[in-house]
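Here's a quick briefing on a few local details worth a look.

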Amino acid sequence: MNQRVNQRMQEVNDFSVNVSGPLSRTDAESLYESAIAQGRDISGRVLIVNESGIVQIDSFSVLNGAQITSREVVEVLSGEKDASFGYHRIQSESGEDFWAAYYASAVILDSQTIGAAVFSENVQDLVDKAGLIRNQFLMIFVGATVVIFGLSYISTNHISRPLAQLRESAMEITKGNFATRVHIKGKNEIAELGKVFNSMSAKLENLDQQRSEFVSNASHELKTPLASIKILTESLLYQDNIPENVYKEFLGDINQEIDRLTNLINDLLLMTKIENDKEKMDRQQVSIDLLLKKAVVALKPLADQKDIELSFTWNQNTVITCDPMRIRQAVNNLIDNAVKYTPAGGRVDVGLEVHGEEVAIVVKDTGEGISKEDQAHIFDRFYRVDKARSRETGGTGLGLYIVQCIALLHEGRVEVESEKGQGSTFRLFLPIAGPSAGQDMGAKEEKKA
Ligand SMILES: Nc1ncnc2c1ncn2[C@@H]1O[C@H](COP(=O)(O)OP(=O)(O)OP(=O)(O)O)[C@@H](O)[C@H]1O
Ligand SMILES: [Mg+2]
């Protein structure tokens, strides 16, 4: 629009200079021709007024003799401005409203304003275009606002809110509330983080539960023999004239309970030692046949006592890498169980199987067997199948858990095959090459030395 105004102002100025001569001479013919030609050029209307604003020439030949009082004309005739322009809403002959631009320039002769040249043109098309552009801007503005709101909604929903949730849950975990979980929907990285966070807190919750379960089980196991000792001691203390044989019997029972306590504490210590000193494995090349033979010889008296035949079948001289003390402990626990849970007259066979890269230490008995349901639990801490009978046999339910810990330390496993009343076979699988060296720094040092 500015461009159009500048151009027209230039043209009206030029025109006013051109018509100053004819106007001063009142050369109507020449003025009319100029006005018509100029009007055609600008596709608009051209008026020439005298110094009083009276129309001398109208290219449309309508307003001749009329007085023009529009602001632009008044401004240039009064000398206030040399040229002026403005927009007017006017009505066409057909009665439609439209926007017109008026451009006026003073006609000057010898420094005297002798009239004015006035152009008028329909600028409705320009106004329409401007309106269109304004509407487009409005649409862009509305669109951008929607996009910005959308983006901030997404960022709040997908980034800020989940992060705030994660932070709150992490704080809950710090306070010890491990049951806390985050609920993050979607498939982005934050949702993945949420999943990892949830599995971490589930694991922590599980560990916490195990810890408190362990403490309560251990306390219970320690309390039972202590309670027996207390009852036995008190009955001796508060009874008079107790025969010597009763004394001996009671003291024998007390002694048994003390053994039970000692065994339990030893097992607990061993267990924590295995769990804590995972890195401190004493890796050695060990003849596993020899190790088994020694274990069988050591436990033979126990088996004899119960009238159980304990035998060992030599395989071949199989050498594996392991921590011999720990493997011996595991084998002892397995043989001890086999003897303990096999009735008199039964058999316990110890042997070795080689399966490719691993060996299996086999302890097979003709004992009472273990039901499928119990098989799922016998490796848990403190789990005993027959709790009342274990009291007599002195078990605490830690033996197989320790065997499993030792197996895992060696990157092996322990499996059971059994049916109720059909005897049981335990297999402790160990890799021949031993646990991977990364786990055992101590062994490397040793090899170097
Ligand atoms: N050879 C087996 N035959 C039958 N039952 C067995 C055998 N070995 C283990 N069990 C069952 O599995 C349970 C768990 O065994 P585990 O060795 O862990 O504990 P325990 O022998 O009771 O006590 P601990 O070994 O700590 O003195 C036992 O109580 C027993 O019921
Ligand atoms: Mg046992």
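Is Ser61 buried, exposed or partly exposed? Ser61 counts as partly exposed, at 40% relative accessibility (buried is under 20% relative accessible area, exposed over 50%, partly exposed in between, with a 1.4 Å probe and protein chains only). This is a predicted model, where local features need pLDDT of at least 70, side-chain atom pairs count only at pLDDT 80 or more, and totals for chains, interfaces and linings use all residues. Residues are numbered from 1 along each chain as its sequence is written, and side-chain values use heavy atoms, leaving out hydrogens and water.

**Positive phi**
- Ser61 isn't a glycine, yet its phi is positive, about 55 degrees.
- You'll find Ser61 in the loop between β2 (55-58) and α3 (71-77); helices (H or I, at least four residues) and strands (E, at least two) are DSSP runs, numbered from the N terminus.
- Ser111 has a positive phi too, near 65 degrees, and lies in the loop between β4 (97-109) and β5 (112-122).
- Ser111 is exposed, with 72% relative accessibility.

**Cysteines**
- There are zero disulfides here, a disulfide being a pair of cysteine sulfur atoms within 2.5 Å.
- For Cys322, the nearest cysteine sulfur is that of Cys405, 17 Å away, which is too far for a bond.
- Cys322 is buried at 0% relative accessibility, and Cys405 is buried at 14%.

**A buried loop residue**
- Thr396 sits in the loop between α10 (387-393) and α11 (399-409) and is buried, at 7% relative accessible area.
- Leaving aside residues up to four places away in sequence, Thr396 touches Glu221, Leu264, Asp267, Phe382 and Arg384 (contact means heavy atoms within 4.5 Å).

Terms used. Chains are lettered from A and ligands numbered from 1 in the order in which they are written.
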